[in-house]
Amino acid sequence: MVKLGSTYTHSATQTATEPMDSTSNPPPPPTANLPIPTSFSVTVAKEDFKFNLAHFVAYPGFRERLHGHNYTLSITLLSPNPMLQSDGYVVDFGVVKKSVRAVCKSLNERVIIPTNSDVISIYSTTENE
């Protein structure tokens, strides 16, 4: 699913009112009269943008068992610049999808641990000690 959104600064535009003769070009399509957007936003969500993580919650008087959740991810890209790239596209979706899939892969089947906790102490060791 891809959603495109635009922000416009003008609420109305002027169109030519001169009469057409037989040598004139046809009128522009209705979208040609839309105001020029001042920014773009693009939201990309795919079925394979997903990962799972395990975690637990612990605070004074409460300890939760380790358990996991499944997450799905979508990404919204914002651009204050209304200009398209030289190829006419706002963004290369192939690059975006590849990057998001890499993030999902790096997070998948991991455990997140609360390192700043008042009831848990985390100590780091190295294998060579």
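Predicted model: local features only at pLDDT ≥ 70, side-chain atom pairs only at ≥ 80, totals over all residues.

Reader: In what order do the elements of the protein run from the N terminus on?
Author: They run β-β-β-β-β-α-β. That comes to 1 helix and 6 strands. Helices (H or I, at least four residues) and strands (E, at least two) are DSSP runs, numbered from the N terminus.

Reader: How many of the residues count as buried?
Author: 15% of the 129 residues. Buried means under 20% relative accessible area, exposed over 50%, partly exposed in between (1.4 Å probe, protein chains only).

Reader: Which residues make up the largest nonpolar core?
Author: There are 9: V42, V44, F49, F51, L53, V91, V96, V100 and C104. A nonpolar core is a set of buried Ala, Val, Leu, Ile, Met, Phe, Trp, Tyr and Cys residues joined through side-chain atoms within 4.5 Å.

Reader: Which elements supply at least two residues of this core?
Author: Strand 2 (37–55) and helix 1 (93–107). Strand 2 gives the most, with 5 residues.

Reader: And V100, what is it in contact with, leaving aside neighbours within four places in sequence?
Author: F49, L73 and I75. Contact means heavy atoms within 4.5 Å.

Reader: New topic. How many aromatic pairs are there?
Author: The count comes to 2. Rings of Phe, Tyr and Trp (its six-membered ring) pair if their centres lie within 6.5 Å; planes under 30 degrees apart count as stacked, over 60 as edge-to-face and the rest as tilted.

Reader: Why is the pair of F51 and Y71 stacked?
Author: The ring centres of F51 and Y71 are 5.3 Å apart and the planes are at 20°, so the pair is stacked. F51 is in strand 2 and Y71 in strand 5 (residues 67–79), 20 residues apart.

Reader: Is F51 buried or exposed?
Author: F51 counts as buried, at 10% relative accessibility. Y71 is partly exposed, at 32%.

Reader: What about the rings of Y59 and F62?
Author: Their centres are 5.0 Å apart and their planes at 25°, so this pair is stacked. Y59 is partly exposed at 44%, and F62 is partly exposed at 33%.

Notes
Residues numbered from 1 in each chain as written. Heavy atoms only, no water.
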